[in-house]
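Here's a quick tour of one model, written for someone who likes to know the cut-offs behind the words. Have the viewer open as you read.

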Amino acid sequence: MPTEAAAVRASPDRRTRRIRMIRTVALLVGVVVPSLILRELVEARLGRGPLADLSAVAVPMAATAWLAPYASYRRRDALLWLVGPGIYVFTVIAWRVALAPHRDWSPRPEEKPRMRWSRDPEHAGTWQLTEPAGDTRHTASR
């Protein structure tokens, strides 16, 4: 029976999920920490106030706007950082981008012509981009 337990521990699905989680956390830390540092710098220079608060969401908004098309979101979803749920939206985007170039969510209607089901057994049940998008510069699978 120990061989079955070892096989379960080392299954590709578990490894993939672990790697995806690490990538997601790295993206979150890589965006949130610089935004907090920027806020502290602005606050030290100009004092507390709305400018310091806006500087805290500047980096996450830029990162959300940049990564949103890769995760089937719109760039304008970055504005959600101004009203509260921005961290949730960015977490979903980071989770989706961490699996790139494969997608385990349904593509938006305008993305469907550029998508196809993956035939790779390791990534069965995922979508794959077949041609680059106009302004997002996705990598093509040619």
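## Ground rules and helix H4

A quick definition to start: the expected span of a helix is 1.5 Å times one less than its number of residues. Helices themselves are DSSP runs (H or I, at least four residues), numbered from the N terminus. This is a predicted model, where local features need pLDDT of at least 70 and side-chain atom pairs count only at pLDDT 80 or more, while totals for chains, interfaces and linings use all residues. Residues are numbered from 1 along each chain as its sequence is written, and side-chain values use heavy atoms, with hydrogens and water left out.

So how does helix H4 do against that span rule? H4 covers residues 86-97, and its 12 residues should span 16 Å at 1.5 Å a residue; the end C-alpha atoms are 16 Å apart, so the two agree. Its buried residues (under 20% relative accessible area, with exposed meaning over 50% and partly exposed in between, using a 1.4 Å probe and protein chains only) are Gly 86, Val 89, Phe 90, Val 92, Ile 93, Ala 94 and Arg 96.

## The nonpolar core

A nonpolar core here is a set of buried Ala, Val, Leu, Ile, Met, Phe, Trp, Tyr and Cys residues joined through side-chain atoms within 4.5 Å. The largest one has 14 residues, and Met 61, Trp 81, Phe 90 and Ile 93 touch the most other members. H2, H3 and H4 are the elements that give two or more residues to this core. In soluble globular proteins, nonpolar side chains tend to be buried together.

Zoom in on Ile 93: leaving out residues up to four places away in sequence, Ile 93 has contacts (heavy atoms within 4.5 Å) with Thr 64, Leu 67, Ala 68, Ala 71 and Tyr 73. In the loop between helix H3 (50-67) and H4 sits Ser 72, which has a positive phi of about 65 degrees despite not being a glycine. Ser 72 is buried, at 9% relative accessible area.

## A salt-bridge network

A salt bridge means a side-chain nitrogen of Lys or Arg within 4 Å of a carboxyl oxygen of Asp or Glu. By that rule the count is 4. Glu 43 and Arg 39 pair up at 2.2 Å, N to O; both are in helix H2, 4 residues apart, or about one turn of the helix. Glu 43 is buried, with a relative accessible area of 18%.

Arg 39 also bridges to Asp 53 at 2.5 Å, N to O. That pair links distant parts of the chain, Arg 39 in H2 and Asp 53 in H3, 14 residues apart. Glu 43 has a further bridge to Arg 48, with the closest N and O atoms 3.7 Å apart. Arg 48 is exposed at 75% relative accessible area. Through shared partners, Arg 39, Glu 43, Arg 48 and Asp 53 are joined into one network.

Ser 55, in helix H3, touches Arg 39 too, along with Ser 35, Leu 38 and Val 42, not counting residues up to four places away in sequence. Ser 55 is buried, with a relative accessible area of 9%.

## Along helix H2

Ile 19 is partly exposed at 44% relative accessible area. Ile 19 and Leu 99 are 80 residues apart in sequence but 9.0 Å apart in space, C-alpha to C-alpha.

Val 29 also lies in helix H2 and is partly exposed, with a relative accessible area of 47%.
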